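Please keep the sequence and the three-dimensional view at hand while reading.

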Amino acid sequence: MGDDLTVIEDAPAKINLALHVTGQRSDGYHLLDMLVTFTRHADRLEFTPAERDEFVISGRFAEALIADRDDNLVLKARDFLRSAISRESGIAPAVRIDLQKNLPIASGIGGGSADAAATLRGLTRLWNVSLPNAIIEAVAIRLGADVPMCLASRPLIARGIGEQITPVDDMPAFAMVLANPLKGVSTPEVFRRLTSKTNPALDMTLRSTWIETIGSMRNDLEPVARDLLPEIAEISAMLKKQGASIVRMSGSGATCYGIFDTLVAAETAAAALHSERQDWYFEATETTAGGHDARAG
């Protein structure tokens with residue numbers, strides 16, 4: 001945009017390297033143990049002072065959001081944060097928000113939650129406000145269980161419904177291919193069909209390598225999601241055929257990730273997969289190492 005006052009924030013894809021369903025609360029929420037990391041591949045948001053509030057969506061996956069733009073989590077994050085600032089007697093003037101939507105919609109990689117978290121970070125910077133962490137965290141969890149994780153945007157373990165966060169500072173970066181058949185799978189339906197909701201928790205005992213550690217884990221939602229959407233099994237097999245050392249579904253799907261030895265290997269695999277299925281989504285990327293922060297543009 002060229003405006004000196006423009007604030008840019010990336011909204012990295014959230015990857016559930018593992019997701020263990022360990023119980024269910026009386027209110028219906030499932031208890032989860034998740035090992036989470038974030039990728040360099042991201043949505044991008046720009047925040048610029050304006051005469052009136054504006055919201056502009058562009059990018060590969062913009063069309064799917066435009067019809068319901070007024071219900072977007074970005075706008076809810078803006079409004080919730082503005083209300084919190086007003087209660088603290090702060091000022092939160094009109095803003096233009098530009099969202100470049102690079103991540104597929106409803107795909108198990110936290111796109112909407114990542115956008116909401118980036119909005120909280122970006123507007124806090126643009127409006128130059130300093131709210132107590134407890135207030136920001138309360139706004140984040142009100143927006144959704146994944147938003148506190150995305151607010152951190154670094155390797156972490158999340159427990160409870162996702163709000164109990166512990167950073168994982170020693171996790172390395174991984175070269176990765178994200179793959180999605182661009183078909184949706186219903187998260188409520190996946191959870192509804194779970195046959196076991198009291199599974200073993202994450203075992204964070206580090207094996208000889210991180211790959212072995214992650215390989216010993218699982219995604220308890222994946223078998224159910226595969227039954228609902230057979231393309232998940234197909235796309236997983238394609239990643240394995242390209243030489244991924246670990247292949248697993250992220251979240252409730254349908255995005256799967258494949259870990260490769262190098263970014264070059266991941267890029268080569270993504271190109272081959274795209275040639276094979278040009279109507280599907282394949283993206284080579286790297287994750288953020290523990291202790292690093294790749295959120296701001």
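## Helix packing around α2

Helix α2 passes helix α3 in a right-handed crossing. The model is a predicted one. In general, a pair of packed helices is described by the angle between their axes and by the distance between the axes. For α2 (residues 73–87) and α3 (residues 111–126), the axes come within 8 Å and cross at roughly 35°. On the α2 side, the contact is made by Leu-73, Val-74, Ala-77, Arg-78 and Leu-81. On the α3 side, the residues are Gly-112, Ser-113, Asp-115, Ala-116, Thr-119, Leu-120, Leu-123 and Thr-124. The residues of this contact divide into seven nonpolar, four polar and two charged.

Helix α2 also packs with helix α4 (residues 133–143), at an angle of about 145° and with the axes 10 Å apart. This crossing, too, is right-handed. Here Leu-73, Lys-76, Ala-77, Phe-80, Leu-81 and Ala-84 of α2 meet Ile-135, Ile-136, Val-139, Arg-142 and Leu-143 of α4. The residues of the contact between α2 and α4 comprise nine nonpolar, no polar and two charged.

## The annotated active site

Which residues does the UniProt record annotate as "active site"? The annotation, which comes from an unreviewed entry, covers Lys-14 and Asp-146. These residues are spread over 133 residues of sequence, yet they cluster in space, with a largest C-alpha distance of 9.0 Å. Both Lys-14 and Asp-146 are included in the lining of the largest pocket.

Lys-14 is found in strand β1. With a relative accessible area of 2%, Lys-14 is classed as buried, because a value under 20% counts as buried. Apart from residues up to four places away in sequence, Lys-14 touches Val-36, Thr-37, Phe-38, Gly-108, Ile-109, Gly-110, Asp-146, Met-149, Cys-150 and Ser-250.

Two isoleucines of the annotated set may be considered in turn. Ile-105 is found in the loop between β4 (95–100) and α3, and Ile-109 lies in the loop between β4 and α3 as well. Is Ile-109 buried or exposed? Ile-109 has a relative accessible area of 0% and is therefore buried. Ile-105, by contrast, is partly exposed, with a relative accessible area of 31%.

Neighbours within four places in sequence are left aside in the contacts that follow. Ile-105 is in contact with Phe-61, Ala-64 and Leu-65. Ile-109 is in contact with Ala-13, Lys-14, Ile-15, Leu-103, Pro-104, Ser-250 and Thr-255.

## Features of the loops

Tyr-29 is found in the loop between β1 (7–24) and β2 (30–49). Tyr-29 and Phe-191 are 162 residues apart in sequence, and their C-alpha atoms are 9.8 Å apart in space. Leaving aside neighbours within four places in sequence, Tyr-29 is in contact with Gln-24 and Ile-161.

The phi of Asn-128 is near 55°, a positive value in a residue other than glycine, and Asn-128 lies in the loop between α3 and α4. Leu-182, in the loop between β7 (175–180) and α6 (187–192), has a phi near 60°, again a positive value in a residue other than glycine. The peptide bond from Gly-253 to Ala-254 is cis, with omega near 10°. Ala-254 lies in the loop between β8 (246–249) and β9 (256–260).

| Residue | Relative accessible area | Class |
|---|---|---|
| Tyr-29 | 48% | partly exposed |
| Asn-128 | 69% | exposed |
| Leu-182 | 37% | partly exposed |

Key
Residues are numbered from 1 along each chain as its sequence is written. This is a predicted model: local features need pLDDT of at least 70, side-chain atom pairs count only at pLDDT 80 or more; totals for chains, interfaces and linings use all residues. Side-chain values use heavy atoms; hydrogens and water are left out. Axes are lines fitted to C-alpha atoms, for helices over the stretch in contact, and angles run from 0 to 180 degrees between N-to-C directions. Helices (H or I, at least four residues) and strands (E, at least two) are DSSP runs, numbered from the N terminus. A crossing is left-handed if the near helix is turned anticlockwise from the far one by less than a right angle, and right-handed if clockwise. Contact means heavy atoms within 4.5 Å. Ala, Val, Leu, Ile, Met, Phe, Trp, Tyr, Cys and Pro count as nonpolar, Asp, Glu, Lys and Arg as charged, and the others, Gly among them, as polar. Buried means under 20% relative accessible area, exposed over 50%, partly exposed in between (1.4 Å probe, protein chains only). UniProt positions are given in the numbering used here, feature names are shortened, and annotations may be inferred rather than shown by experiment. On a 1 Å grid over the protein atoms alone, a cavity is a set of points where a 1.4 Å probe fits but cannot get out, and a pocket is an open set with protein on both sides within 12 Å along at least five of seven lines; lining residues have an atom within 4 Å of a point.
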